Each structure stands twice: as structure tokens, then as C-alpha cells.
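Visitor: I would like to learn how to read a model like this one, feature by feature. Where do we begin?

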Amino acid sequence: MESSSDTMLTEAIAAIRSGDNTHARELLTRLLRIDSANQEYWLWLSTVVESERERIYCLQSVLKQDPTNRAALRGLAILGAKQPSDIELTGILKIPHRKIEPPTRTSPINIPGGKWIILAAPIAALVVMVLFVSFLFRPRSTSVAPTLPPPSPTLSPTPIATATHTPVPIESVLIRTPIPTELSGTPLAIFAGVSPTQTPYWGVTPNHNYEAYTSSVAALMRGEYQKSIDYMEQVIRTDDKLSDAYFIRAEAYRNLGLLDEAEQEYQLALQYNPSLAAAHLGLARIQMIRNPNVLSEEFDLAILHDPNLLPAYLEKAEFLVSQAQWEALEELSRSGLRAGVRSPLLQLHEGRARYYLGRYEEALDSILLATSSDESILDAYYLQGVTLIALAREEQSISPLETYNAYAIGDIHGWNAIGVAYNNIDNFVEAETAFSYVLILDEMNFVALYNRGLLFMDLKRHEEAIADFEKAKEVNPQSDALEFARAQGYFALGEDQVALEALEVIFERSLDPNLVADAYALQALYYVNQTPPYISEAISNWEIIIQLENVSEERKDQAQNQLFMFVNFP
């Protein structure tokens, strides 16, 4: 179970992301009273304090605990409190590797576009030279990942004007000045010079009729929650129907971790003011703590009563992301933007949903609108990169992915993505470096093992490819795409029986008709490569491909061409 400190830190980060820096600052201050040596608390606090002097103090407090902390050193350099020459830092890790010559990459049967061809029996021997180079029917590019996890939530404290769905020229917002190596990794809120707009504690309204009310609110802001409760008790004795008083007391109880008491106070607030949106949000937060796998309906009630209540949108969006409910996420984002909610994070959620729905051009529009309004949204750089890869615009994907990796140096997803981009533009050295770096962070990372194995296949380093594929199979033995890659690798090494067994796995269990077709095509090429060729078996495979349902027309046409060649030129 998450500790109270972890819960408080999570809420502080959520407050930063929603632009509520006052509340975040109070939560972080309270955490530091509990653990003044916690570097993470000081780093987060440095992004929400109000003055440069306070920011410097926070970063210096980090260095008292760890004089080599990279983020603190870089932040002080940017603020002018430390010269970059004083910073003892190393650049992003580069992995030694041998010099390799870029190969001439061909399609499986040496026809542009990766199409099959067997001209006739006298020419069949040519197949041996090109049989095992790449995926049949498939693009020669590496994939981002068979399963690409959603990016983790990233802060962005700066609201923007209501977004409209107007395409933004990519050149105007995508290409950015590279981050100096000695400054990479510094909190983006510092580097981008963001000045977050201070917003009030959500749902708290001033009431000058009661001095105790004002004192209670001030105590709540300072994180002195018991004092806030005590002050508000005085108000309730005078006016026991003041809904705001119950709401503020509920917030204090919730921050103390007293959920039952908080729930009761929220209910009292709603009893006297059923349209108090912030109270519905408070109930939603309690329900999500108690049952994080069930979306609270209170989020919708909060939005109904206040269509501009940003935290309700963002917290509901986080749940939808965790459940991969992309259609619902897009609809939530669009409804918020139509209502006039001022947040680039909502625009980014729209882009994220469209990316996972496969509508990449629309996704890019939304992502660019978000990042052009607030350059401190780290996830936007990652999403730009993977979306551009999906659009086959790998050259443009490098810059945002480099920015993401400079700040999130330990995030394997960014390195896997940039590895794919480099591979697809034939920069094999950088691609291998990226995948190998992931495997230093996680030696059994499936995506890196699978993609580096494909890279090794392209470079004719078949034994290394098989080594990666076998490790990947230990992690995910159910991947049919991996079985196809293994078949290619073992054919290339002359271990035909192992390769055929891998193809049989695909025939038995794959639900992807196009992959099944590719497997039959690869098996057919094996048949015609035998001495003497197994012509009838090859013909049977081409006929099976033609009869398969839901197979692409391109594959069926190619199978028909092979069948025509065998029938007419025996």
C-alpha cells in the first residue's frame, strides 16, 4: 500500500501538472518537515517556489545531500549560481562498438517494395542469395515496439488559451535548438523559463465574514491541516449550513489521510450545495484511492457542475490512459477543449489518444499545439518522436527524441524509439548504441532485444541476432513476430529444422492473417531452395495464401504471381 508520504508527493505532482503551484508548494513543504534530507522533495519544490533566490536555495539543499546531483548542478548553472565549468558531469552514455559498414539492404526476393518473385526453375538458384535478408512483405524498417507503453505523466504548470484544431506547420514548432550536454536533464520548467500562473486552491473561495474562515484557509495553504479543521469548526458553530466550510474541512481531512472523515465532510458540503464541483472532485479522489481500478462517476459530476475544472479532466484522463481507453480519452479531451479548459496537457491527451487510435496526422496536430504553447511538457517530445516514426518521418523524429532522452536519460522507451528512428534512416551505429543502452538499463528488455536482433539480421550478424531473439523469447514466448524473426535467423545460419519449427508455431497459434501468409511464403521459399526443389509443396503454400481470409491484396497478388510462374514454367 502506498505510504502517506508517497500519496502526498503524488498529489503534489498532480497539483504542479494542473497549475496549482500554491497547493503543491504547501504539500512539498509539509513533506520536507517530515524528511528534510529527501532530494526528490527539494527538486520538485524548486519548480514551484516564487523567486529565483528560493529556487537556488532548493537546489543547493539538494547538493548538501548529494554534491554530484546532476539536475541540481545544471539548474544552478542555468540560474547563474554555478558556472558550467564547475559542473562535474558526463555526457549521455555512449557504448563502444566496432566500426560497421552500412550494408546494401534488399527486399527478400530483391524486388522493390519487398515483393516475392520466383522467375522459373532455371533462375530459382538466385533465391539462395537473398532468401533470408528481411521480412517478407514487410517494410524493412524496425518497429517502435510490438507493445508500446503509454508515456508516464509529466508535469506542465502553464495554462494556455483554448486550443482550436488548427494544423500547425511542423517546421515552426518541432525543430528546436539542441540542449547543451552540460545542461541536459535540468528540470524543463527551469530550462524553458516557464512562469506558471498561480491558481487558487481548487474549490476554495474567500469569505470575509468570518475571521476564523480566513485563518482556516491560510492554515490549509500552509499544510497545517489540523489547525485548518479547528478554525473551521468555529465557523460551523456560527453557520452550520455553509457548504464551503465543510468542503475546506474535508480537504484538510483528506490531506491528513483521514478518508472517512473527509468523505463525510464532502457529503455535508454537497447537502448544502449540490452543485459544488470541487466537492464532487474530492469524493472522486477518495473513491479512486479506495478502488483505483474503477473510475469514479464523481469526476463526471464535477465536470457537469464546472466544465472548466481542470483537475477533474486530468485525473480522469490518467485513469483512461492506465486502462488504454483511447476513444474515451479523446472524447474527454475534446469536451474539455470545447468547454474552454485552458491546458496544453488536455491537448496532449487528445494527441496521445489519436496516436494509439492510429490517426497519426491528427495526433501530430494536437501534440504540436500542446508543445508550442508550453515547451516544458516532456512527454510531448516523446509523443512527437514516436508519432513521426509512425508517419515514416524519422529524420524529423530525432530532434524531439534527443530532447526527451536528455531529460529522461533512464527511460527505456525514449531510447528504444530513437533506436528505431536511427535504424530506419540507416544510421546503424547510433541505432545499435541506443538499443544496447536500453539493455544496460534492463538486460531483458523485450523491445530492445527484438529490435537489435532485427538490426543484426540486416548487418548479416546472424549469430548475434539469434542470441538476442532467444533472450527475447525468454521474456515473451508468445510473440509471433519474434517467431518469424527467429525463423529467418535460423534459416540464415543453416539450421533449417529449428526455423521450420518456429514457422509451425505461427501456423498453430497466430491470429494475424498477414503474418501467417508471410510464414507460408517463407516456408515456400525454403521448399524451392531444396535439391531437388519441393515444387508441389511450394505450390500448395501459395494456394493457401490465396485462400486465407483477411489477407492483404498485395500478398494475394504476389502469391498469385508465384503460382502463375510455377504452373506456366515448370
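Guide: Begin with a pair of helices. This is a predicted model. Two packed helices are described by the angle between their axes and the distance between the axes. Here the axes of H19 (residues 378–390) and H21 (residues 412–424) come within 10 Å. They cross at roughly 35°.

Visitor: Is the crossing of H19 and H21 left-handed or right-handed?

Guide: H19 passes H21 in a left-handed crossing.

Visitor: Which residues make the contact?

Guide: H19 contributes Tyr382, Val386 and Ile389. From H21 come His413, Gly414, Ala417, Val420, Ala421 and Asn424. By class, the contact of H19 with H21 has six nonpolar residues, three polar and no charged.

Visitor: Now the core. How many residues are in the largest nonpolar core?

Guide: That core has 101 residues. Phe469, Leu503 and Trp542 have the most contacts inside it. Helix H27 (residues 513–528) supplies its largest share, 11 residues.

Visitor: Next, charged pairs. What is the general idea?

Guide: Side chains of opposite charge can pair when their charged atoms come close. A search of the whole structure finds 30 salt bridges. Glu233 pairs with Arg237, with the closest N and O atoms 4.0 Å apart. Both residues lie in H10 (residues 225–238), four residues apart, or about one turn of the helix. Glu233 is partly exposed, at 27% relative accessible area. Arg237 counts as exposed, at 63%.

Visitor: Which salt bridge ties together parts that are 24 residues apart in sequence?

Guide: Glu330 and Arg354 form it, with 2.8 Å between the closest N and O atoms. Glu330 lies in H16 and Arg354 in H17 (residues 344–356), so the pair links parts 24 residues apart in sequence. Glu330 is buried at 12% relative accessibility, and Arg354 is buried at 5%. Both residues belong to a network of salt bridges that also includes Arg334, Glu350, Arg359 and Glu362.

Visitor: What about Asp468 and Arg452?

Guide: Their side chains meet in a salt bridge, 2.7 Å from N to O. Asp468 sits in H24 (residues 462–475) and Arg452 in H23 (residues 446–458), so this pair ties together parts 16 residues apart in sequence. Both residues are buried.

Visitor: How do I read the backbone for exceptions?

Guide: Most residues other than glycine have a negative phi, and most peptide bonds are trans. Now the cases here. Ala324 has a positive phi, near 55°. Its place is the loop between H15 and H16, and Ala324 is partly exposed at 41% relative accessible area. Asn550 also has a positive phi, near 65°. Asn550 lies in the loop between H28 and H29 and counts as exposed, at 66% relative accessibility.

Visitor: Which peptide bond is cis?

Guide: The bond from Thr531 to Pro532 is cis, with omega near -5°. Pro532 is found in the loop between H27 and H28.

Visitor: Last, a single residue. What is Glu315 in contact with, beyond its neighbours within four places in sequence?

Guide: Glu315 touches Leu281, Arg285 and Phe299. Glu315 itself is part of H15 (residues 310–322). Leu281 is 34 residues away along the chain, yet the two C-alpha atoms are separated by 9.4 Å.

Methods
Residues numbered from 1 in each chain as written. Predicted model: local features only at pLDDT ≥ 70, side-chain atom pairs only at ≥ 80, totals over all residues. Heavy atoms only, no water. Helix = DSSP H or I, 4+ residues; strand = E, 2+ residues; numbered from the N terminus. Contact = heavy atoms within 4.5 Å. Core = buried A, V, L, I, M, F, W, Y, C linked by side-chain atoms within 4.5 Å. Buried < 20%, exposed > 50% of the residue type's maximum accessible area, 1.4 Å probe, protein only. Axes fitted to C-alpha atoms, helices over the stretch in contact; angles between N-to-C directions. Left-handed = near helix turned anticlockwise from the far one by under 90°. Nonpolar A, V, L, I, M, F, W, Y, C, P; charged D, E, K, R; others polar.
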